[in-house]
Amino acid sequence: MKLLIISDIHGNKDALDAVLSVPHDEVICLGDLVDYGPDPVGCIESLMDQDVPVIKGNHDNAVASKVDCGCGYKYKHLSTATREYTWGQLDDMHMEFLKKLPMHIERTLDGTNMLFTHGSPRSMYEYIKPDTPEDKVLEMIDGVDADFIVIGHSHIPFIRQVGDVTILNPGSVGQPRNGDVHASCAVFDTENHSVELIKCEYDLESLCKSIQKKMPHPKELIGILRRGY
């Protein structure tokens, strides 16, 4: 089975459509459907319509529960401003959907134990990055019984071995932070345990026009998408 893993969509329906076109048998989403992008409704409803399992990200939690997102300083003002926009787009059904999302999903696929979560296994706010010191990663994954830990949150795609565990981040669908403007995702092949990190093109110009027309701080938001960070 080919499992498509997506994360950090952030209201970018054009990018979501692009990654969902990647051949797959099942999909799991690691959260952060909202903030920063112009179409949170389209993103939520697309995943609802396809019955995709979705984990609660820190932005989903901030929107649904009206609490702080725990974002880094660099982007926090954009998160706050676009959250007001997001609230104006969502109805009670969308808010309830975000509120009820689980914190993690555990699956055993062809004998491989997998834990899917947004940040670290212990917190949606913690970052595991390619260069996070191994001792700190081991603290964050302590007690987790899994062959693969699959995370989002940093928006940086990577595959990393820490002890006996493989940590996989598919990168961000709709809000890159690694200098690559493409929509990022991953496909896990359960038969041979291989992982492919995939970059997808989408109509960035159309998205930028939508942001310019609808959203606060359009110049900054568009700049991030054009630079990839």
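Residues 24 or more positions apart account for 64% of the contacts in the protein chain with a separation of 6 or more, a contact being defined by heavy atoms within 4.5 Å. The structure is a predicted model, in which local features need pLDDT of at least 70 and side-chain atom pairs count only at pLDDT 80 or more, whereas totals for chains, interfaces and linings use all residues. Residues are numbered from 1 along each chain as its sequence is written, and side-chain values use heavy atoms, with hydrogens and water left out.

The secondary structure of the protein chain comprises eight helices and nine strands; these are DSSP runs numbered from the N terminus, helices being H or I with at least four residues and strands E with at least two. Along the principal axes, the C-alpha atoms fill a box of roughly 50 × 35 × 35 Å. The protein chain exposes about 10,000 Å², of which carbon and sulfur atoms supply 47%; accessible areas come from the Shrake-Rupley method with a 1.4 Å probe, and for residues only the protein chains shown count as cover. Of the 229 residues, 56% count as buried, where buried means under 20% relative accessible area, exposed over 50%, and partly exposed in between (1.4 Å probe, protein chains only).

In soluble globular proteins, nonpolar side chains tend to be buried together. A nonpolar core is here a set of buried Ala, Val, Leu, Ile, Met, Phe, Trp, Tyr and Cys residues joined through side-chain atoms within 4.5 Å. The largest such core has 49 residues, and those with the most contacts inside it are I6, I9, L16, L33, L47 and L98. Helix α1 (residues 13-20) gives the most to this core, contributing five residues. Apart from this core lies another, of 14 residues, including L109, F148, L168 and A186. When residues up to four places away in sequence are not counted, L47 touches I6, I9, L16, C29, L33, V52 and V54.

The structure holds one disulfide, defined as a pair of cysteine sulfur atoms within 2.5 Å. This link joins C69 and C71, whose sulfur atoms are 2.0 Å apart, and is left-handed, with -140 degrees about the S-S bond. C69 is buried at a relative accessible area of 1%, and C71 is likewise counted as buried, at 14%. C200 counts as buried at 9% relative accessibility.

S79 lies in helix α4 and is buried, with a relative accessible area of 0%. Not counting residues up to four places away in sequence, S79 touches D35, Y36, H59, C69 and C71. The C-alpha atoms of S79 and G37, 42 residues apart along the chain, are separated by 9.9 Å. R83 is also placed in helix α4 (residues 73-89) and counts as buried at 7% relative accessibility. Leaving aside neighbours within four places in sequence, R83 is in contact with D35, H59, A62, V63, V67 and C69.

Side chains of opposite charge can pair when their charged atoms come close. A search of the whole structure finds nine salt bridges, each being a side-chain nitrogen of Lys or Arg within 4 Å of a carboxyl oxygen of Asp or Glu. Among them, R107 and E26 meet at 3.0 Å, N to O. This pair links distant parts of the chain, 81 residues apart, with R107 in strand β3 (residues 104-109) and E26 in strand β2 (residues 26-29). R107 is partly exposed at a relative accessible area of 24%, and E26 is partly exposed at 30%. The side chains of D68 and K76 form another salt bridge (2.9 Å, N to O); D68 is partly exposed at 44%, and K76 counts as partly exposed at 28%. In the salt bridge of R122 with E126, the closest N and O atoms are 2.9 Å apart.
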